Amino acid sequence: MKYRPSRRTRRFGIGAAAITVLAGMNGPALYRFSSDKYHAYKINQPEYKAENGHWDVVDVPQQYRINTIHAALLHTGKVLLVAGSGNNAKNFAAKSFRSVLWDPEKNTFTNIPTPKDLFCSGHSQLPDGKLLVAGGTQRYEKLKGDVEKAGGLMFVHNEDPDKPKTLPAGTRFTGKESGKTFVSKDPLLVPRATKKTNPKTKKVTVSASTARVYVEALRKGRKYQTGTEDNYRIAGLKGKDRQNFYGIAQKLSFDKKDFQGIKMAYEFDPVAERYIPVDPMNEARWYPTLTGLQDGKVLAVSGLDEIGQVVPGKNEIYDPKTKKWKYLPKKRFFPTYPALFLTGKGRIFYTGSNAGYGPDDKGRTPGIWDLKSNRFDVVPGISDPDALETSMSVLLPPAQDQRYMVLGGGGVGEDATSTAKTRIADLRSDKPRFRNGPELYAKARYPSSVILPDDTVLTTNGSGDYRGRGDTNVLKAELYTPKTNTARPVADPLVGRNYHSGALLLPDGRVMTFGSDSLFGDKANTKPGEFQQQIDLYTPPYLFRDSRPKLTDTAPRTVKPGRKSTYRTAHPSAITRMRLIRPGSFTHVTNVEQRSIALDFTRTKDGVTVTLPKDASLVPPGWYMLNAVDDQGTPSKAVWVKVPAPAPPKK
């Protein structure tokens, strides 16, 4: 009797044969398929999550997906996502500026009317919980070949000491020698001339004032450019104004035109959920850094001005009480988006991190800056000093230790150089200097670092080359422990993130990551890149444990520096640390807001009593997240605490 295989056996045999043929024809594809399946299985196992954490994608409805450039956590628990024009010139031309408010707890979204192009602005948390947003985009960059009209900088002079004058946008300037006419693109206030009297001779000297504005030729074409300096008559002036007001310009040509900044500033109100205009800055700024100070005021530094040049060291301070800006008396130059941290005695520590624009030999040396005297003490020893652009800087937890880490970075501009170095400076030392920490997971520009409540630092993503060029996005993440000066890998991110990306700690202990603006979409650098609109959530290992402490007094409260406050918790004996964490405000590899302060505390029968430090330079005024951390390193959900500005000293 002949054996006849069953139908099931025949099907299995045919399938096995097909797999064998497929494996022979396309072995690597089959391997990748099974490898991907196994990876998906592995990362979802409880043991893996408890060791490495886990990534999830946020479900964002289509109408709320934007090119997130800036993100800030507000004391309402919501996150303000800001695109402005989103690095999209078409949006800029259409005046389509976007902001979206996201509630991570409910996963709800709200479109926020956005008054100006806040793309590439600066931002800082204010003492009352509002977010100061200043600067942004006045004009998009144009490269050689894209410039259709000759243009450049016009210096406008006023020799009248008795009156200033505002020239409207569209004012025409005609060269006396060339006869060529150029038009201003923005309104310009030309101050009155200065007049000084010699007390001995009584002779009066008048010095002309100067203001500058960007101008373009009336028509397209190279015949309308100029090659030499010329004096320019200003159309529309009458009487003596014709002699007192005039323009002088060098070459007005088809050279590359950089981005240009705006002076406008706004406070975003988290309760009213709207932007409120305040007084504009004295300087236009695109790519500025805003740093909160110990008295609640805000320092604004660097940026590209209204004609696309790096602001030449003219720094200013915003007073949230008066809503006005005031220049610092002395200048100090920094490249754009410098990492400037408030440190002990109210001084500013510049780590050397920056992003984008400025000469390679000016303003790039790390040091401690005294705002009152303008003294700058260099902090030496940083490794790979030529690869600090697009590096990440973070004040390591707890903030009392005053140890700062600089991670990764690359060469100036579009340089392909990148580094895996981490460098640490201890400012408590008699002679602070940088020393190397453990190597980062890869050579990386644009890494994002977030301080966690358990005193570790999560660092994720970046790219090996400028804006991910050459398909160099890094799909890695790690947790660094300052106490042991060690780092370990954790779960890999879901997508690549480089330029225009960032990350924030949320009140529930998770971390959101956003953005990425790759220049190209392929290894050969032939396919244009697409902005990564996906938002991801990383759940750290500490949230995959069996128990979690809970602070039951969740109502927000105000606690003055040096004062005590008591919170109830079910198991106070398990609490080993209390941390006060300032909410982050992230853009362009820059988040100088985030800091974690260790609080002294005592256990009570049914809770803990914390004591806030007195030093306002350690705990600048504003809203904070308070976390209890147990003996397993698991943090509670945050409770919001408001730290008011210190009272002004008595006269």
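## Salt bridges

Glutamate 273 and lysine 78 join their side chains in a salt bridge, 2.8 Å from N to O. The term covers a side-chain nitrogen of Lys or Arg within 4 Å of a carboxyl oxygen of Asp or Glu. This pair links distant parts of the chain, 195 residues apart. Glutamate 273 sits in the loop between strands S20 (265-269) and S21 (274-278). Lysine 78 sits in the loop between S2 (70-73) and S3 (79-84). Strands here are DSSP E runs of at least two residues, numbered from the N terminus. Glutamate 273 counts as partly exposed because its relative accessibility is 22%; lysine 78 is partly exposed at 21%. Buried means under 20% relative accessible area, exposed over 50%, and partly exposed in between (1.4 Å probe, protein chains only).

This is a predicted model: local features need pLDDT of at least 70, side-chain atom pairs count only at pLDDT 80 or more, and totals for chains, interfaces and linings use all residues. Residues are numbered from 1 along each chain as its sequence is written, and side-chain values use heavy atoms, with hydrogens and water left out.

The salt-bridge count comes to 32. In one of them, glutamate 267 meets lysine 323, with the closest N and O atoms 3.1 Å apart. Glutamate 267 lies in S20 and lysine 323 in the loop between S24 (316-319) and S25 (324-327), so the pair ties together parts 56 residues apart in sequence. Glutamate 267 is buried at 3%, whereas lysine 323 is partly exposed at 29%. Glu141, Lys256 and Asp258 form a salt-bridge network.

## Aspartate 103

Aspartate 103 lies in strand S4 (residues 98-103). Aspartate 103 is buried but has no salt bridge. The nearest side chain of opposite charge is lysine 106, 4.6 Å away. Lys and Arg count as positive, Asp and Glu as negative; His and the chain ends are not counted. The backbone nitrogen of lysine 106 is 3.3 Å from a polar atom of the aspartate 103 side chain.

Beyond four places in sequence, aspartate 103 touches Lys78 and Thr108. Contact means heavy atoms within 4.5 Å.

## Nonpolar cores

The largest nonpolar core has 73 residues, and Val79, Trp102 and Met512 have the most contacts inside it. Such a core is a set of buried Ala, Val, Leu, Ile, Met, Phe, Trp, Tyr and Cys residues joined through side-chain atoms within 4.5 Å. Leaving aside neighbours within four places in sequence, the contacts of tryptophan 102 include Lys78, Val79, Thr108 and Met512.

Note on methods. Helix = DSSP H or I, 4+ residues; strand = E, 2+ residues; numbered from the N terminus. Polar contact = N/O pair within 3.5 Å; in protein donor to acceptor, adjacent residues only side chain to side chain.
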